[in-house]
Amino acid sequence: MTSASAASSEPTPAAPADAAWPACCEVLVIGAGPAGSACAQRLARAGVDVVMVDQHTFPRDKICGDGLIPDSHAALRALGVYDEVAALWQPAQHVRCVGPRGGHCDVPGTLSVLPRKVLDDVLVRAAQRAGARLLTPWRFEAPLEDAAGRVAGARLRQGDEVREIGARWVVLATGAVPQALSAAGMCDRHTPSGVALRTYVRHPGLAASLRQLQFIWHPRMRGGYGWIFPGPDGVFNIGAGHPGSHRKLKSGKGQMQDLNLRRFFEAFASVYEPARRLMTEGERLGELKGAPLRCSLLGARWSRDGLLVTGEAAGSTYAFSGEGIGKAMETGLIAADALLASPRPARAVTGDDADVRQRYEAGLLGLKPKFDLYERAARVNDHPWLADLVIWRANKSPRIMARMSAVIEERQNPGWLLSWRGMRKLLTE
Ligand SMILES: Cc1cc2nc3c(=O)[nH]c(=O)nc-3n(C[C@H](O)[C@H](O)[C@H](O)COP(=O)(O)OP(=O)(O)OC[C@H]3O[C@@H](n4cnc5c(N)ncnc54)[C@H](O)[C@@H]3O)c2cc1C
């Protein structure tokens with residue numbers, strides 16, 4: 001085997017003489033976020049020998065809004081951890097949409113909020129309980145390749161120490177950062193689709209009244225939105241995101257300085273009273289921290305022989321709302337199912353690559369139309385006045401409200417709002 005990036009000139013590190021270190025496994029999952037853990041758990045439950053690797057030791061923080069929408073709830077059920085997670089989260093019954101003129105509507109939905117430090121730890125432990133082995137803190141550096149160029153394992157690094165693991169299949173679930181994708185030769189676009197930042201603030205006074213997942217649109221945050229999500233113990237996740245920064249820059253309509261997220265966030269805290277109160281009266285529990293988003297199933301190749309790319313690494317986050325925890329788990333499960341459907345699970349020899357890849361890519365393609373609609377819906381972020389119109393109509397028409405609720409519950413696509421027919425319905429229904 002050779003390491004793809006090291007080529008043949010660099011000596012392969014000696015196999016470690018460490019009994020606890022697996023020399024090989026059937027499936028090596030890189031990245032133990034929701035996508036990687038979901039994939040590993042399903043495979044391990046089916047009896048596959050799975051090793052998970054993450055650069056961080058768990059529990060670890062992940063910069064996120066922590067909002068769980070119905071697709072997350074469904075995936076948690078599929079993974080058998082719904083009750084465990086539900087005992088920890090803060091439930092919510094509504095998404096509150098707030099427009100530039102200050103009007104709002106409360107759209108019913110099955111929602112909750114749980115810090116990722118807690119959620120991801122539950123998911124990773126569930127995968128371990130199912131039999132997956134976890135190695136941390138090890139950083140994926142490069143794939144190992146066999147003589148035919150098929151991925152056959154990975155080279156991992158911890159400080160100065162470098163080790164290898166051979167694997168029948170590697171699943172790359174490394175999230176929105178592009179380094180691992182690039183090292184594996186899977187990155188089509190280095191720039192993220194968007195960026196977002198958040199902090200935590202405790203405010204017991206507001207916790208009694210602010211119980212919805214709030215999204216706020218305003219011309220001073222054109223291209224994105226602010227959010228306030230009430231989590232457990234009176235702690236709010238407050239942040240601002242620009243999920244379409246890549247699109248804006250590509251079209252030449254934006255300048256990088258326009259996308260200074262901290263200024264974006266300051267604007268949010270000055271135009272929206274609950275945000276202002278949180279930031280001036282609340283107890284700050286951490287710094288404002290930003291992270292990239294990869295959306296719309298774009299920006300990376302989904303597979304090559306011996307390797308599948310899943311979760312946000314494959315762009316599984318919604319462009320409109322920046323939500324991606326549920327779809328990360330869903331795509332991780334699709335990857336596991338594609339591997340399990342092979343005649344001899346994960347023991348697929350080289351000849352089975354095409355089958356596994358085809359099944360996996362077909363699964364992602366099935367989700368693509370929905371992602372495309374969210375990409376189009378993201379244009380609402382560029383035209384905040386549209387939020388005013390929708391809010392005004394939703395408060396007048398129970399049918400419009402029901403449609404919006406159906407979008408949140410994933411029973412209806414957001415595309416209806418973007419067509420002329422949808423617009424007509426919005427104005428007349
Ligand atoms: C500010 C912000 C707010 C958001 N808010 C929400 C929200 O409210 N609701 C929602 O549903 N989604 C939200 N998202 C999106 C959500 O965070 C992602 O969709 C989700 O985390 C994707 O899961 P994943 O498992 O694919 O990747 P991740 O959760 O990013 O997990 C990837 C894992 O891979 C590991 N890793 C990365 N590189 C390597 C490497 N080289 N070697 C080893 N390990 C590696 C990382 O340590 C990490 O543990 C938000 C995103 C941001 C940035």
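In the predicted model, 39 residues surround the ligand, the closest being Asp-54, Gly-65, Arg-116, Phe-140 and Glu-312; a residue is taken as near a molecule if one of its heavy atoms lies within 4 Å of it. Residues are numbered from 1 along each chain as its sequence is written. Local features need pLDDT of at least 70, side-chain atom pairs count only at pLDDT 80 or more, and totals for chains, interfaces and linings use all residues, while side-chain values use heavy atoms, with hydrogens and water left out.

The shell around the ligand comprises 19 nonpolar, 12 polar and 8 charged residues (nonpolar: Ala, Val, Leu, Ile, Met, Phe, Trp, Tyr, Cys and Pro; charged: Asp, Glu, Lys and Arg; polar: the others, Gly among them). At least two residues of this shell are supplied by each of helix H1 (34-45), strands S8 (139-145), S11 (194-202), S13 (225-230) and S16 (289-293), and helix H10 (325-340). The largest share, 3 residues, comes from S16. Helices (H or I, at least four residues) and strands (E, at least two) are DSSP runs numbered from the N terminus.

Polar contacts were taken as pairs of N or O atoms within 3.5 Å; within protein, one atom must be able to donate a hydrogen and the other to accept it, and residues adjacent in sequence count only if both atoms are side-chain atoms. A polar backbone atom of Gly-67 lies 2.8 Å from a nitrogen atom of the ligand. The ligand taken alone exposes 1000 Å², of which the protein buries 96% (Shrake-Rupley method, 1.4 Å probe).

The backbone oxygen of Lys-62 also lies 3.4 Å from a polar side-chain atom of Arg-198. Arg-198 belongs to strand S11 and is buried, with a relative accessible area of 2% (buried: under 20%, 1.4 Å probe, protein chains only).

A cavity is a set of points, on a 1 Å grid over the protein atoms alone, where a 1.4 Å probe fits but cannot get out; lining residues have an atom within 4 Å of a point. The count comes to 1 cavity of 30 Å³ or more, and the largest cavity holds about 510 Å³ of space. Its lining consists of 25 residues, with Cys-97, Trp-217, Phe-320, Val-407 and Ile-408 nearest the centre. These lining residues divide into 21 nonpolar, 2 polar and 2 charged.

How values were computed
On a 1 Å grid over the protein atoms alone, a cavity is a set of points where a 1.4 Å probe fits but cannot get out, and a pocket is an open set with protein on both sides within 12 Å along at least five of seven lines; lining residues have an atom within 4 Å of a point. Grid points are joined across faces, edges and corners, and a volume is the space filled by probe spheres set on the points. Buried means under 20% relative accessible area, exposed over 50%, partly exposed in between (1.4 Å probe, protein chains only).
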